[in-house]
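Thanks for coming, everyone. Please look at the sequence and the model on the screen, and I will talk you through them.

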Amino acid sequence: MWFLAVMVVSTSLVSSACSSAGDTAPNEGIIAPAAAGSETYTLGQTVYSTQCSTCHGTNGEGQFPDAPLQPDITGRYGAPPHDDTGHTWHHDDDLLIQIIREGGMGDPVNFYVMPALESVLSEREIEAVIAYIKTMWTEEQQAAQRERTLAVRAQEP
Ligand code: HEC
């Protein structure tokens, strides 16, 4: 199950990300957690409650909150939690955007299906829902995910 793989953020990668960023702004394109009461928060919350919550849970607790990381009676895993009990914060911004646009990578025998939503959501809505999901994480998780996003981008050609 790919989504359980814990991705360790390497401190050496992070420091090289900072130094190789040079004069270009390292924060560029990083999705910040939505500030409470902001337009992004309202939009992200609306997208989440209309497009994600039926599967991922009203508050990001997952499809099967009692056993989110266990298969159900059909042998398939449900939609994982997005809150601080889940692993969504292990993924960098670009991967999160890709999953929302193109759908999940789980095979349908072992996983319920994460639909591709690029025909439903605009870029702005995708970014807003990610910014909203980030508000479900602890500050440490937010910081680690931000570092991972920077590290992955630093490795891109
Ligand atoms: C029809 C149910 C369904 C809907 C609607 C849905 N998802 Fe998913 N999602 C899943 C399932 C099932 C998985 C796990 C299987 C996989 O990744 O292929 C998943 C996986 C994911 C993942 C990767 C795993 C993780 O948490 O790191 C992300 C990110 C994600 N969904 C975000 C969203 C967002 C954001 C929305 C709303 C815009 C959404 N999903 C709507 C069912 C759904």
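First, the ground rules. This is a predicted model, so local features need pLDDT of at least 70, side-chain atom pairs count only at pLDDT 80 or more, and totals for chains, interfaces and linings use all residues. Residues are numbered from 1 along each chain as its sequence is written.

Now the fold. The protein has five helices and zero strands. Helices here are DSSP runs of H or I with at least four residues, strands are runs of E with at least two, and both are numbered from the N terminus. The order from the N terminus is α-α-α-α-α. Of the 157 residues, 29% are buried. Buried means 20 or more other C-beta atoms within 10 Å of a residue's own, exposed means 12 or fewer, and partly exposed is in between, with C-beta atoms placed from the backbone.

Nonpolar covers Ala, Val, Leu, Ile, Met, Phe, Trp, Tyr, Cys and Pro; charged covers Asp, Glu, Lys and Arg; the others, Gly among them, are polar.

Stay with helix 2. It packs against helix 4 (residues 123-134) at about 95 degrees, with the axes 7 Å apart. Axes are lines fitted to C-alpha atoms over the stretch in contact, and angles run from 0 to 180 degrees between N-to-C directions. The two helices are therefore roughly perpendicular, a label for angles of 65 to 115 degrees. Helix 2 brings residues including Thr40, Tyr41 and Cys52 to the contact, and helix 4 brings Glu125 and Tyr132, among others. Contact means C-beta atoms, placed from the backbone, within 7 Å. The contact residues divide into nine nonpolar, three polar and one charged.

Last, Thr135. It sits in the loop between helix 4 and helix 5 (139-155). Is Thr135 buried or partly exposed? Partly exposed, because 16 other C-beta atoms lie within 10 Å. Leaving out residues up to four places away in sequence, Thr135 touches Pro33 and Ala34. Thr135 and Ala34 are 101 residues apart along the chain, yet their C-alpha atoms are separated by 6.4 Å.

How values were computed: Parallel < 35°, antiparallel > 145°, perpendicular 65-115°, else oblique. Contact = placed C-beta atoms within 7 Å.
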